[in-house]
Amino acid sequence: LQQQFDELRSQLNTWSREYYSLDKPSVPDDVYDQKYQELVKLEKAHPEMVTPDSPTQRVGGQVLTGFEKIGHEIPMLSLGDVFSKEELADFVVNLDQTVHQQIDYNCELKIDGLAISLVYRNGKFVQGSTRGNGQIGEDITQNLKTINAIPLELSEPVDVEVRGECYMPKASFVELNQRQEEQGKQIFANARNAAAGSLRQLDSRITAERKLSTFIYYLMEPEKFGVTTQSEALEKMRSWGFKVNPDYQVAHNMDEIRAYIDEYQQKRASLPYDIDGIVIKANPFKVHEEVGNTVKVPRWAIAYKFPP
Ligand SMILES: COc1nc2nc(N)nc(N)c2nc1C
């Protein structure tokens, strides 16, 4: 019986990773649903066999009276901002000079959402939290479990913490405000506020209705996994089953960085989610160690903000 449960859960979690995080389903929906119903029935007959990583445990649970505080062992930093390509060029020249070499930069879309941290033990999702003030965040594990893009079980049994952005896709935002308006409830000014409000729900069933998603962009302690650059880290996290934004690009100089910025300034309106800029990061992690962080922001990354 235990083996039956393990196989069902593991199979469903694998299919779910392929569908939601890798966007490459290997079975049709009805096959997934049929297997899912099999697990629901089996868990009803043997409730003592239910585990937190079961796909049936994504929604529900008790309504919380508040959120526990979570201390971030490694502070969750924000990013320094620049508002022109000239300022950006200064940042790049300065960093190259500091490390006495022309380094590669990983260019990424700056998703306009809410920073989150996800902790996995033995490949299982155990805790999720908000950034808070950078040192202390809120435990929103229950709400994050309702987000299908967040894997309950990774493809490898690793102990890892990753960080990323939880966001509300533009389509979900429009639909939510229409629903709110029809029900005479508050409407949200923008998708970022809507995502924040949805993650702060004490009843995770409400969070589950908000159709949130994530893009994971930060692998903690990459040296533990033999990863030496930011672009490798993104691919490693994708291989484990995290949803990683595919539109990143390694740039070798300022011209390539400018080209990437221009490309996504053009594409911005057509993207299915809000971005408020581009994040440029030194690609080699050696450089991150060399230059470190200030109290608030990394010295190896900068956010180029689009004009409003
Ligand atoms: C290194 O710290 C960060 N990196 C990021 N990367 C991307 N792509 N988007 C973000 N919003 C972001 N935010 C932070 C604080």
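Leaving aside neighbours within four places in sequence, Phe242 is in contact (heavy atoms within 4.5 Å) with Ser21, Leu118, Tyr120, Pro151, Leu154, Val162, Ile216 and Met237. The model is predicted, so that local features need pLDDT of at least 70 and side-chain atom pairs count only at pLDDT 80 or more, while totals for chains, interfaces and linings use all residues. Residues are numbered from 1 along each chain as its sequence is written, and side-chain values use heavy atoms, with hydrogens and water left out.

**Nonpolar cores**

- A nonpolar core is a set of buried Ala, Val, Leu, Ile, Met, Phe, Trp, Tyr and Cys residues joined through side-chain atoms within 4.5 Å, where buried means under 20% relative accessible area, exposed means over 50%, and partly exposed lies in between (1.4 Å probe, protein chains only).
- The largest nonpolar core has 39 residues, and of these Leu118 and Phe242 touch the most other members.
- At least two residues of this core come from each of strand 4 (114-121), strand 7 (160-167), helix 5 (170-182), helix 6 (191-199), strand 8 (213-219) and helix 8 (230-240), these elements being DSSP runs numbered from the N terminus (helices H or I, at least four residues; strands E, at least two).
- Helix 6 supplies the largest share of this core, five residues.
- Another core, of 33 residues, lies apart from it and includes Val82, Tyr105, Leu109 and Phe306.

- With a salt bridge taken as a side-chain nitrogen of Lys or Arg within 4 Å of a carboxyl oxygen of Asp or Glu, the count comes to 18.
- Asp53 pairs with Lys124, the closest N and O atoms being 3.7 Å apart; because Asp53 lies in the loop between helix 2 (29-45) and strand 1 (69-71) and Lys124 in strand 5 (residues 124-130), the pair ties together parts that are 71 residues apart in sequence.
- Asp53 is buried, at 10% relative accessible area, whereas Lys124 is partly exposed, at 29%.
- Lys110 forms a salt bridge with Asp276, with the closest N and O atoms 3.3 Å apart, and since Lys110 lies in strand 3 (residues 105-111) and Asp276 in strand 10 (residues 275-282), this pair ties together parts that are 166 residues apart in sequence.

**A salt bridge within a helix**

- Asp255 forms a salt bridge with Arg258, the closest N and O atoms being 2.9 Å apart, and the two are separated by about one helical turn because they are three residues apart in helix 9 (residues 254-267).
- Asp255 is exposed, with a relative accessible area of 56%, while Arg258 is partly exposed, with 31%.
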